[in-house]
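Please look over the sequence and the fold, then read on.

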Amino acid sequence: MSYVWGRLLISALVATVYFYELCAAEAPNYSFMHEATEAPKISYFDYIVIGGGAAGIPLATTLSSKYSVLLLERGGSPYGNHNITMLSNIGSYFLDTSPSSPTQRFVSEGVVNSRARALGGGTCINAGFYSRGEPKFNKEARLMDESLVRESYEWTEKVMVFMPIVTKWQSVLQAALVEAGVTPDNGQTYDHLIGTKVSGTIFDPNGTRHTAADLLQYANPTGLSILVHATAHKILFKIKGRLRPLAYGVVFEDSQGNKHRAYLKGGERDEIILSAGALGSPQLLMFSGIGPKEQLDAHKIKVVLQQPFVGKGMADNPQNSIFIPSPIAVEPSTIHIVGITRFGSYLEDTGGFNFIFANHSAYQGFSPQEPEDLRKCVDGIRTIFKTFKTKAYSNYKYANMTVKDILDLNMNLQGYLPIKGNNSSLLEKYCKSSVRTMWHYHGGCQIGKVVDHEYKVFGVDALRVIDISTVLNAPGTNPQASVLMLGRYMGVTILNQRIASDKAH
Ligand SMILES: Cc1cc2nc3c(=O)[nH]c(=O)nc-3n(C[C@H](O)[C@H](O)[C@H](O)COP(=O)(O)OP(=O)(O)OC[C@H]3O[C@@H](n4cnc5c(N)ncnc54)[C@H](O)[C@@H]3O)c2cc1C
């Protein structure tokens with residue numbers, strides 16, 4: 001992975017004042033959601049969507065309004081899982097390293113990272129900040145119908161996005177960004193505008209997370225079948241007697257290791273759509289025989305189509321954090337404010353989380369290298385939520401700190417001497433050594449390289465990829481809004497084209 005943008009995440013340490021009324025989301029009665037163990041050995045659908053994440057859910061939900069759709073998700077339901085649904089448990093899922101965890105840890109270029117494994121995908125484990133992408137993204141992604149882009153955003157926002165109750169700390173940050181020249185102050189808006197703004201969150205005012213799975217309330221219960229704990233292993237292709245391979249089925253495994261097959265019914269416009277995310281979609285193409293020949297040969301995978309660009313062009317956005325110790329209580333908050341600079345860096349902030357409970361390397365927030373440090377981090381967060389109840393906690397050690405003291409503390413945390421004068425090479429070193437993921441990894445099935453402008457995989461029939469693996473640059477300040485929109489936009493587009501074609505016949 002390479003890194004593309006500079007980014008600064010400022011975190012305030014320590015504090016008290018505000019307590020969220022916490023309650024877990026009730027499991028809705030989705031009659032169309034089942035464990036994969038209950039699935040028949042063989043089944044038939046008009047569409048098979050692989051991956052129930054930020055893109056896959058709005059896509060499958062939309063297609064189900066007229067056609068039969070199977071959605072396969074390797075993880076479980078988010079409902080009833082308090083680690084996912086409650087804000088006060090944010091990050092605790094990173095501690096669960098079992099095969100049924102909603103997160104799966106991986107390391108890329110030495111940077112510790114995580115990918116989602118739950119119905120709702122990244123929306124189950126992310127920080128919840130919601131901000132629409134920039135118009136440039138729509139052009140790159142070939143989403144040319146502006147009113148459909150807007151409607152698709154609104155469709156999601158109605159169900160799962162809230163304007164945050166801006167905490168004191170966050171409003172101080174807002175004022176500071178404006179004072180520092182990140183102008184204008186754009187107030188509250190989901191739109192991507194240069195300047196400082198308050199944007200959305202998928203946590204409601206009670207501290208309950210609303211994942212993409214909430215969009216399933218739009219689904220047609222007779223059109224949609226969802227299987228959870230259903231891991232797709234391979235897409236099947238018909239090759240004999242054809243000019244191009246035709247995708248016609250998927251082999252998937254349930255939680256007991258039993259294999260099942262789902263096939264397309266055979267309609268002219270039936271399709272398999274991959275929405276397994278930046279790591280899952282290129283991986284599944286390769287498992288199915290589409291990818292760079294030398295890599296497929298190395299893993300003894302039969303080549304269906306040589307495609308040198310599968311798995312290429314992957315990138316993440318770098319995060320560098322500065323920790324500001326507070327002598328007084330700061331209420332806990334996830335990201336509410338973003339500063340969108342003219343030079344392409346974004347400034348975001350979480351407040352009140354007390355990483356000082358953990359040791360040195362835990363200052364890297366949710367991405368410390370060692371699992372033990374991560375545990376301390378999560379314990380620290382839980383403690384701060386608890387202490388907010390009693391309003392008992394504050395840390396007087398940090399009273400009277402100057403800006404220079406704060407910078408020195410951060411340099412020391414990375415093992416450097418305090419800043420002397422304007423030492424840019426030391427700062428550069430600091431940024432390199434403290435770089436962490438922003439969890440916005442993307443690419444691997446890029447538009448123009450692996451998929452065409454309609455997200456159809458080049459060189460084969462009846463197969464698309466629709467998710468963050470297709471993008472050239474991570475959209476907006478944070479990508480989930482654009483990925484959710486992409487899922488809905490492409491669902492409506494595919495649906496309308498098929499309805500028009502059915503009418504014409
Ligand atoms: C820790 C973290 C914090 C983040 N914070 C934010 C934030 O605050 N704001 C923001 O805008 N964005 C944030 N993001 C990014 C955002 O969540 C992702 O960009 C977005 O979810 C990507 O959507 P997707 O549909 O492409 O993939 P995902 O949402 O990851 O969905 C892919 C789904 O496919 C499933 N899958 C994979 N392989 C298979 C298979 N073989 N068979 C069946 N299912 C499979 C996975 O289990 C997963 O559920 C964060 C991400 C992470 C990981």
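## A hairpin and its sheet

Strand 15 and strand 16 form a hairpin with five residues between the strands, and in this hairpin glycine 257 takes a positive phi near 85°. Helices (H or I, at least four residues) and strands (E, at least two) are DSSP runs, numbered from the N terminus. Two strands pair if DSSP finds at least two bridges between them.

This is a predicted model: local features need pLDDT of at least 70, side-chain atom pairs count only at pLDDT 80 or more, and totals for chains, interfaces and linings use all residues. Residues are numbered from 1 along each chain as its sequence is written, and side-chain values use heavy atoms, with hydrogens and water left out.

Strand 15 (residues 246-253) and strand 16 run antiparallel, joined by five bridges. Phenylalanine 252 has histidine 260 in strand 16 as its bridge partner.

Strand 4 runs parallel to strand 16 (residues 259-264), and four bridges join them. Isoleucine 42 has arginine 261 as its bridge partner in strand 16. Serine 43 stands opposite alanine 262 in strand 16. In a regular strand the side chains alternate between the two faces of the sheet.

Inside the order, strand 5 (residues 47-50) pairs with strand 17 (residues 271-274) in the parallel sense over four bridges. Isoleucine 50 has leucine 274 in strand 17 as its bridge partner.

## Backbone exceptions

Threonine 183 and proline 184 are joined by a cis peptide bond, with omega about 0°. Proline 184 lies in the loop between helix 5 (168-179) and strand 10 (185-188). Histidine 229 is not a glycine, yet has a positive phi of about 55°. Histidine 229 sits in the loop between strand 13 (224-228) and strand 14.

## The ligand shell

The ligand is surrounded by 37 residues; the closest are Glu73, Arg74, Gly122, Phe129 and Gln480. A residue is near a molecule or strand if one of its heavy atoms lies within 4 Å of it. By class, the shell has 18 nonpolar, 14 polar and five charged residues. Here Ala, Val, Leu, Ile, Met, Phe, Trp, Tyr, Cys and Pro count as nonpolar, Asp, Glu, Lys and Arg as charged, and the others, Gly among them, as polar.

Strand 6 (69-73), strand 8 (111-116), strand 14 (231-238) and helix 11 (480-504) each supply at least two residues of the shell. Strand 8 gives the most, with three residues.

| Residue | Protein atom | Distance to a ligand oxygen atom |
|---|---|---|
| Glycine 122 | polar backbone atom | 2.9 Å |
| Asparagine 126 | side-chain N or O atom | 3.3 Å |
| Glycine 128 | backbone N or O atom | 3.2 Å |

Taken alone, the ligand exposes 1,000 Å², and the protein buries 95% of that. Accessible areas come from the Shrake-Rupley method with a 1.4 Å probe; for residues, only the protein chains shown count as cover.

## Annotated positions

Which residues does UniProt place under "binding site"? The unreviewed entry gives Trp439, His440, Pro479 and Gln480. They span 42 residues in sequence, yet no two of their C-alpha atoms are more than 10.8 Å apart, so they gather at one spot. Tryptophan 439 lies in the loop between strand 24 (436-437) and strand 25 (442-444). UniProt positions are given in the numbering used here, feature names are shortened, and annotations may be inferred rather than shown by experiment.

Methods. Polar contact = N/O pair within 3.5 Å; in protein donor to acceptor, adjacent residues only side chain to side chain.
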